[in-house]
Amino acid sequence: MEHHSVLRVVSKLLIPPIILYALYVQWHGDYGPGGGFQAGVLFAVAFILYALVFGIDSMMKVLPPRTAHIFAGAGVLIYAGTGIVTMLLGDAFLGYNALAHDPVHAQEWGILAVEFGVGVSVAAVMIALFVAFARHNPPLKDEDW
Amino acid sequence: MTASLIGIAVIDILLFTFLVITAIAIARLRNLFAVVMLAGVFSLLSAALLATLDAVDVAFTEAAVGAGISTVLLLGTLALTGREEKKPRHSPFLPLLVCLVTGAALIYGTLDMPSFGAANNPAQEHLAREYLERTPVETGVPNVVTAILASYRGFDTLGEVLVVFTAAIAVLLLLGASGKRPSAGRRGEE
Amino acid sequence: MLAMIEANLPALQVVLPLIAAPLCAMLGTGRRAWAFATLVSFVAFAIAISLFIATMGGTIISYEMGGWAPPIGIEYRVDTLNAFVLVIVSGMAALVLPYARRIVDYEIPAERQVLFYTAFLLCLTGLLGVTITGDAFNVFVFLEISSLSTYALIASGAWRNKRALTASYNYLIMGTIGATFFVIGIGMLYMITGTLNMADLGEKIAAHGDSRTLRTGFVFILIGIGLKLAMFPLHLWLPNAYTFAPSAVTAFVAATATKVAVYVLLRFMFTIFGFDYAFQAATLENVVLPLAIVAMFAASLVAIFQDDLKRMLAYSSIAQIGYILLGLAFLTHTGLTASIVHLFNHAVTKGALFMVAGCFIYATGSSSITSLRGIGRDMPWTTAAFVISGFSLIGLPLTVGFISKWYLVQAAIELGWWPVALLIMGSSLLAIVYIWRVVEQAYLQPAPEGAVRREAPLSMLVPTWILVGLSVWFGVSATMTVGAASRAATSLISSSQIMWQ
Amino acid sequence: MSELVLDLEFIVGHYNYWMFVILMMTGLYVTVSRGNLVKKIVGLNIFQTSVFMLYISMGKIIGGTAPILIDDPDAVYSNPLPHVLILTAIVVGIATTALGLALVVRIRETYGTIEEDELLVLEHEMEFAEAVQGGGSR
């Protein structure tokens, strides 16, 4: 992997736009195609690309597995927590209308909150899955293929 | 109406032909590396088909998941398991029979299905119309798919996130959570 | 606060374990994860009990997720039937988790126990979600949560025997084919009705009338759920999965997962397709009924020749599912009552038996029947629990197994199907044979020399004996269970739309 | 029946569904007939993807557009509900794939093979060894 300088430069150039695009997809899902799930996958792709080019160990310095696992659970908690909050505010589980006086605003906030949860969870899980497969046992030698 | 229908039909049939060729190639090839690549191609083609059917969100997701994540996972698996499939020894008669019977049952079911693309199908009438009418008033979200996904059927989506989480827990339970390469002799294992 | 909790009880039933699962994954040690999961299962059980009490008078609780009225939103709908199933599922979790601590320490490496208990909570969440929901597609989502976590739990038996891996893989392939068939079936229903809410589907289908699409939808849903509930001959995944899964998992899954699948089948048959849907009735009588009878005999016969205790019990489960499907195929009130009460009775009986198998594994390191020689003297309590639960499996009086068989036979006689009634009694004889094989080894054979086998620890014995106690208690006074089952059957039949006028 | 089949409009209104049935059956065939465990998972993916396409074609309206609302009162939108359902189903599909592949990795690690025939032989030998030992299954 050490000598692919073209690959390194190109991916260094690619990763920021991918992350930017992921953020765009995350927050723009109300208006165009996309949303938390797609954004999470794109975000994970940026990390996976980084790991493929610079080695998985340097990727794990940025995002240790333990952190990824916590984020995976945190996404679920953000989503379900939104439901609990609306429940405490007197509406049904995930009844966003309790979040603001104006139902349209309330819905928008609720949707943003849960989509954020989806994005966090999906990105973390996809990265964790990649790490789990990539770091399992040493890969087979070329002859074994 | 009929002209646009035939236009769609031509694109559909083209994409479909490619899909069938890909699927048959996947069934026949024994080089698993090629199979995985073709599975990615299959996903991209189906994403294109889904986009022609107005499902842009689904096409986006299918491309990202089918051609992206699952290809990465499949390649990661091949690196650990080998890339050549052995020639199957048992006869393909019974599987073929199962598939033909299932296929025949499905074709039988399609005979009474409402016509493809008609605006007055039951599927277009009841809930679909209500979602399209109520979304701008109640949520102010232009993408109706997002409105249904995150609000009207938000609980399904919570379940979906939980499915993703379950997959992570399951894979970590099987392959190890530490991120460290497991030491040679794990306890209790044969 | 209390009023708020009460109003949101149906949602909390599922949301509580749902939130608990990611929290559990963040706990540092297996011991803490176990304690937390156990606590959660107790609370879930308490919620199920209060829902059960609330629906006892025939009230139907409808809860609108997100505040959206059905069919726009997802509805949780609790009636006597699914409250009964909720009690079974959460009650089994609340008994299996205390039991699990020692045997999990024995079977699962310490560093994986947190994930194990998290997967257990996810499985519980999925099963409860499937049971309580009133939305056809929501069933699929939660079914997959429970299935995926079950595959992982079964595979975690690999630390004891590596065949758990292939068992889990085969289950995954068959389970996913089943789930996809189920989705195809729901798609067909959606296509002709335009809705996903179960009650709404029922009305729309009654108005729509029969069609080839509806028939295909029914068949695909039947096969899809049939794969999940191990309907003969779609049961091929079950024996290995139950045999090689960790003992606590087998006890929980055997007692709950197939029961929930039966519940889903009941719900679809009655609330959606309707009691008098002619094609459904014909399929039940001409396909499901004969297959159920074949399962009762074939699976029991195979069970006789097994050398592994868990595998023997697994085959017996396939036979017992045959009884449940038989009662359902009668399509009468008594038959349904028998089926529903057997959901509970079989959960209690099989749960206890698999717990006993776990105790034996804990003490001897093996689940083979030949290794149980003379164990009746070394482990008197465990073996006695096996004997009493075995009686219940056979269907001897004073046990719950007798109650189920009594109503099943009665249902057959009501229809005048004497041969079927005789077959039900005949198949019980086979159960005597395989239970006797174990009893003979345990009491009449000398113990192998030098064998050191201690009685199972109290934390494992007490849950086992609670189940044994339940199977005797409700075998002696069955008014409560049979009453609930009969009310559930009534509500199912009355919820059914009248079609084909 | 015969007048149905000859009816061009009927064919145009249903060929889409038949296409997906063919694809579904190809996927199902790969899953149940192939012995390689990775290939089975790929087959399962094809099977599921074809079901997704079936669902999406139920929601299509000819002349309609994607259900993202625009300021045009005459716009016809295709049905958004199947899209939502299939988004969920795609996620379930990738979760199943990931878990299945993790199992394949472990199977290869412990058995040394991922071919069904060879696994069956190995398990048969294990069963035989257990029977000979007479109870020492550990």
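These are my notebook entries on a predicted model with several chains.

I count residues from 1 along each chain as its sequence is written, and letter chains from A and number ligands from 1 in the order in which they are written. Because the model is predicted, local features need pLDDT of at least 70 and side-chain atom pairs count only at pLDDT 80 or more, while totals for chains, interfaces and linings use all residues; side-chain values use heavy atoms, with hydrogens and water left out.

**Chain A.** I looked up the fold: chain A has five helices and zero strands, helices (H or I, at least four residues) and strands (E, at least two) being DSSP runs numbered from the N terminus. The order along the sequence is α-α-α-α-α. Its C-alpha trace spans about 65 × 30 × 25 Å along the principal axes. Of the 145 residues, 51% count as buried (under 20% relative accessible area; exposed is over 50%, partly exposed in between; 1.4 Å probe, protein chains only). Among contacts (heavy atoms within 4.5 Å) with a separation of 6 or more in chain A, 58% join residues 24 or more positions apart.

**Thr82(A).** I found Thr82(A) in helix 4 (residues 65–88) of chain A. Is Thr82(A) buried or exposed? Thr82(A) has a relative accessible area of 9%, so it counts as buried. Leaving out residues up to four places away in sequence, Thr82(A) touches Tyr96(A), Ala113(A) and Val114(A).

**Helix 7 of chain B.** Nine of the nine residues of this helix are buried, so helix 7 of chain B is largely enclosed by the rest of the structure. Those buried residues pack against helix 4 and helix 5 (103–134) of chain A, against helix 3, helix 6 and helix 8 of chain B, and against helix 4 (80–111) of chain D.

**Chain B with chain D.** I get 89 residues of chain B in contact with 77 residues of chain D. Between them about 7,900 Å² is buried, 75% of it from carbon and sulfur atoms; buried area is the accessible area (1.4 Å probe) that two parts lose on being put together, summed over both. On the chain B side, Asp54(B), Phe116(B) and Leu174(B) lose the most area to chain D, together 9% of what that side buries. The interface holds three salt bridges (a side-chain nitrogen of Lys or Arg within 4 Å of a carboxyl oxygen of Asp or Glu). I noted a salt bridge between Lys86(B) and Glu118(D), at 3.3 Å, N to O.

**Chain D with chain C.** Here 43 residues of chain D meet 42 residues of chain C. About 3,600 Å² is buried between chain D and chain C, with 72% on carbon and sulfur atoms. I count two salt bridges across this interface. Arg163(C) and Glu123(D) form a salt bridge at 3.4 Å, N to O. Which element gives the largest share of the side of chain D that touches chain C? Helix 4 of chain D does, with 16 residues.
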